[in-house]
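Trainee: Could we take a close look at a single part of this model together?

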Amino acid sequence: MRTLLTTPLLLLFLLAGCSEPTVDPGFVVLMDAAPKGLDPRFATSDWSAKIVGLLHAGLVETDTADGVWEYELAESIEQTPPLEYRVTLRDDIFFHDGSKVTSADVEYTYMELGSEIVKSPYAGMSARIASFVVQDDRHFTITLKEAHAPFLTELSFGIVPKALCAGHKECPGDPIGAGPFAFESAESTQQVTLKSFDKYFAGKPKLDRLTFKLVKDDNTRLLALLGNTADLVQNAVAPLMLPVVQKDDRLEIVNAPSFKYTYIAFNLKHEILDDVRVRQAIAMGIDRDAIIKYKFRGLATKATGLLAPKHWAYEPNVTTFDYDPKRAMELLDEAGFPDPDGPEGPKMRFELEFKVSASKFRKSMAELMAHQLARIGIGITVRAYEWGTFFSDVKSGNFALTSLQWPSVSEPSLYRWIFHSENIPSETNRSAGANRGAYRNARVDELLDAGNLETNQAKRVSIYQEVQRILADDVPYVSLWHEDNIAILRKGTKGYWVTPNARLEALKVTERAVRKERRD
């Protein structure tokens, strides 16, 4: 193993430079993609959202162990169903410049999202608000135009200071929030450094400095951990490389179930795939248990639908399609696609194209599933494309089969975005919604409309449980798995835990391990 690592380690050393850094970078987190801005009003990329969650604070916090919101800047929120929310702010909340967070800052943040100056991608939030009435610095009332069940979770949106940001599209200068860490410096998108904020209401973090470094190569990220130059990598080392980590006495693995959802989507306008029996057969032709065991080393949970088993609205009693090649072939026969030369013959019942991203791991997964489906007589051609081309095709419905992942399914209103018939993209509006396979079911539409309006959580559970049962029968997606969140840490790191949505909330309470020089 040492021989194989020699060249990459040398490269890593050369990239790092021969001299010691003049400033201790503190706790180093390696990123696999660059953040795209640190203003919460424009943070749409995964790493932007992760860092923004530490820089900025919202009225509530949703990056919790169970995905259920908790108070953050708000001391209390009194809801008068279904439209009115009376909010009291804490009295000990400050921005990083030392100014207090007030009702005026919240009003500015929410109500300017859709203004001609800001034009935030989150403008829908301000569009939902009929009135925002400030009583004083700590008290205000928000009244919605119509009931919107996810609104409480939307109150996790990071608050920005009005005095600094008003009149500008993006807040000028360094980002200033009210989160546990303050901005210190940035080197383009390659590196962002934060420092602990001593006026954070929940207490100053134990990490004095926090540095996020971009390392795009999978192997180089692992080598940085092995080489003692990083403290944390999360969900950015392939499961098949974990044995290397397990053998190292200076690293440890922390894994936990996630809200990530990986699936195969069908284009229901396809003349073959519009038959539910074909979709069910494909689901039964994929050996998910074997893939989880050998490709994920057991670090994933077989999915029955969009929601993970630990989600508050999860419905376990749904139709499932476990691996059953015999029954899959019977379904294909019933659907009018007999095997032309029998199970052992080379001819396929029909051929389909399976589009995926150019990720080596995702492509290899698709090829493995294609091999499994060939056993039941379905010929699959895997086509891998760079992300821009791939996602453009998916959004326009230009696919037969495709595989993607929803990275954090915490609010079940996401079902409406994905499966409501009004959210089917068109040729003229590819961003109309995420119902890219053109699924239609009038009862599901009715339930999803009701779920978006119902604010009683017990009633919402009932609504979404019925949605899950119908979708499991209709199979617009093959539900594959919920991959575990996997964090690799410097051994001796204290207090770090993994949230279901893979955010970095635990860095508020994490203690850095003492770095020791390697002897090998």
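Is the crossing of α15 and α16 left-handed or right-handed?

Mentor: Happy to go through that pair with you. A word on the basis: this is a predicted model, where local features need pLDDT of at least 70 and side-chain atom pairs count only at pLDDT 80 or more, while totals for chains, interfaces and linings use all residues. Residues are numbered from 1 along each chain as its sequence is written, and side-chain values use heavy atoms, with hydrogens and water left out.

The crossing of α15 and α16 is left-handed, that is, the near helix is turned anticlockwise from the far one by less than a right angle. Helix α15 covers residues 442–453 and helix α16 residues 457–474; their axes come within 9 Å and cross at roughly 155°. That makes α15 roughly antiparallel to α16 (angles over 145 degrees count as such). The axes are lines fitted to C-alpha atoms over the stretch in contact, with angles from 0 to 180 degrees between N-to-C directions. Helices here are DSSP runs (H or I, at least four residues), numbered from the N terminus.

Now the residues that meet. From α15 come Arg 443, Val 444, Leu 447, Leu 448, Ala 450, Gly 451 and Asn 452, and they meet Arg 460, Ile 463, Tyr 464, Glu 466, Val 467 and Ile 470 in α16; contact means heavy atoms within 4.5 Å. By class, this contact of α15 with α16 has eight nonpolar, two polar and three charged residues. Ala, Val, Leu, Ile, Met, Phe, Trp, Tyr, Cys and Pro count as nonpolar, Asp, Glu, Lys and Arg as charged, and the others, Gly among them, as polar.

For a contrast in topic, look at helix α2 (residues 46–55), where eight of the ten residues are buried (under 20% relative accessible area, 1.4 Å probe, protein chains only). Its buried residues pack against β1 (27–31), β8 (181–187), β9 (191–196) and β10 (209–214).

Key:
Helix = DSSP H or I, 4+ residues; strand = E, 2+ residues; numbered from the N terminus. Parallel < 35°, antiparallel > 145°, perpendicular 65-115°, else oblique. Buried < 20%, exposed > 50% of the residue type's maximum accessible area, 1.4 Å probe, protein only.
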